[in-house]
Amino acid sequence: MKKIVLLGYMGSGKSTIGQKLAEALNLPFIDLDQEIETNLQKTIPAIFKERGEIYFRKIEHQTFNHLLDENKSIILSLGGGTPCYANNHLKLQESDVISIYLKASIKTLVERLENEKEHRPVLNQNTDDTLETFVAKQLFERSYFYHQAKHTLIVDNKSISDIVDEIIKIVN
C-alpha cells in the first residue's frame with residue numbers, strides 16, 4: 001500500500017503533479033484543500049474569513065490524519081502550511097508514507113503566484129512586504145518542516161512530465 005504525499009510551498013505544483021502522477025500510477029488523487037472544501041462545503045478563503053486560521057488548521061490536521069490512516073493507496077497533495085502545524089510533519093516519516101518535497105526557488109514561486117492573491121488567503125494578509133519578501137520569509141520559516149519529507153525534488157525549469165517521471169523512479 002502506497003501513501004505518496006506531495007508537499008511544498010503554494011505554487012510548487014503539488015496539485016498539478018499529483019493529478020498527473022495519479023494518472024500515471026493509476027492511484028486515487030486527493031488534494032487536501034479540496035477534500036476540506038468538499039467536507040465543509042465552503043472554500044478555503046471562506047473558512048479563513050468565517051472561522052479563522054486556527055479552526056482551519058484543526059480541520060486540516062484531522063482530515064490529513066484520517067486520509068493517512070485509511071487502509072488504501074493514495075496520492076495526497078498537502079496545503080503549503082500543512083506540515084508546519086499540529087506535528088503533521090511527523091506523519092511524513094511514517095513507514096507507509098513516501099513523502100516528497102517539491103522544492104521551487106523563490107523566483108519560480110513568485111512568478112507562479114503573482115496573479116493568485118485572491119485565491120490564496122495567506123497571500124491576502126495585510127503586509128508591507130513585497131510578494132518576493134513574503135515568500136522568502138515563509139519559506140525560511142517552513143524550511144525545517146518541508147525538509148522532514150523523505151525525498152526532495154527540485155522542480156525549477158522542469159516539465160510536469162519530467163517531474164512525474166522522477167517521482168515514479170522514487171516510488172518504485
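Modeller: A residue is called buried under 20% relative accessible area, exposed over 50%, and partly exposed in between. Please keep in mind that this is a predicted model.

Biologist: Then where does Ala86 fall, buried, partly exposed or exposed?

Modeller: Ala86 has a relative accessibility of 47%, so it counts as partly exposed. Ala86 is located in the loop between strand S3 (74-77) and strand S4 (97-103).

Biologist: What is the phi of Ala86?

Modeller: The phi of Ala86 is positive, about 55°, although the residue is not a glycine. As background, most residues other than glycine have a negative phi.

Biologist: And what is the phi of Gln41?

Modeller: Gln41, which is not a glycine either, has a positive phi of about 55°. Gln41 sits in the loop between helix H2 (32-40) and helix H3 (44-51). With 73% relative accessibility, Gln41 counts as exposed.

Biologist: How do H2 and H3 pack?

Modeller: The angle between H2 and H3 is about 65°, and their axes are 9 Å apart. On the H2 side the contact is made by Asp33, Ile36, Glu37 and Leu40, and on the H3 side by Ile44, Pro45 and Ile47. By class, this contact of H2 with H3 comprises five nonpolar, no polar and two charged residues.

Biologist: Let us change topic. What is the overall make-up of the chain?

Modeller: The protein chain has seven helices and five strands. In sequence order they give the pattern β-α-β-α-α-α-β-β-α-α-β-α. The radius of gyration is 15 Å, close to the 16 Å from the globule rule for 172 residues, so the chain is as compact as a globular protein of that length.

Biologist: What box do the C-alpha atoms fill?

Modeller: Along the principal axes, the C-alpha atoms of the protein chain fill a box of roughly 45 × 35 × 25 Å.

Biologist: How much of the chain is buried, and what share of the contacts joins residues at least 24 apart?

Modeller: Buried residues account for 45% of the 172 residues. Of the contacts between residues at least 6 apart in sequence, 75% join residues at least 24 apart.

Biologist: Take Ile30 next. Where does it lie, and is it buried or exposed?

Modeller: Ile30 belongs to strand S2 (residues 29-31). Its relative accessible area is 12%, so Ile30 is buried.

Biologist: Which residues does Ile30 touch?

Modeller: Leaving aside residues up to four places away in sequence, Ile30 touches Glu35, Leu67, Ile74, Ile75, Leu76 and Ser77.

Biologist: How far apart are Ile30 and Ala86?

Modeller: Ile30 and Ala86 are separated by 56 residues in sequence and by 20 Å in space, C-alpha to C-alpha.

Biologist: One more helix pair, please. At what angle do H5 and H6 pack?

Modeller: Helix H5 (residues 106-113) packs against helix H6 (residues 131-146) at an angle of about 125°, with the axes 10 Å apart. H5 is therefore oblique to H6. The crossing of the two is right-handed.

Biologist: Which residues of H5 and H6 make the contact?

Modeller: H5 contributes Ile106, Leu109, Val110 and Leu113, while H6 contributes Leu131, Glu132, Val135, Ala136 and Leu139. By class, the contact of H5 with H6 has eight nonpolar, no polar and one charged residues.

Biologist: Finally, which residues of H5 are buried?

Modeller: Thr108, Leu109, Val110 and Leu113 of H5 are buried. What covers the buried residues of H5 includes H6.

Terms used. Residues are numbered from 1 along each chain as its sequence is written. This is a predicted model: local features need pLDDT of at least 70, side-chain atom pairs count only at pLDDT 80 or more; totals for chains, interfaces and linings use all residues. Side-chain values use heavy atoms; hydrogens and water are left out. Axes are lines fitted to C-alpha atoms, for helices over the stretch in contact, and angles run from 0 to 180 degrees between N-to-C directions. Helices (H or I, at least four residues) and strands (E, at least two) are DSSP runs, numbered from the N terminus. Angles under 35 degrees count as roughly parallel, over 145 as roughly antiparallel, 65 to 115 as roughly perpendicular and the rest as oblique. A crossing is left-handed if the near helix is turned anticlockwise from the far one by less than a right angle, and right-handed if clockwise. Contact means heavy atoms within 4.5 Å. Ala, Val, Leu, Ile, Met, Phe, Trp, Tyr, Cys and Pro count as nonpolar, Asp, Glu, Lys and Arg as charged, and the others, Gly among them, as polar. The radius of gyration is taken over C-alpha atoms; the globule rule is 2.2 Å times the number of residues to the power 0.38. Buried means under 20% relative accessible area, exposed over 50%, partly exposed in between (1.4 Å probe, protein chains only).
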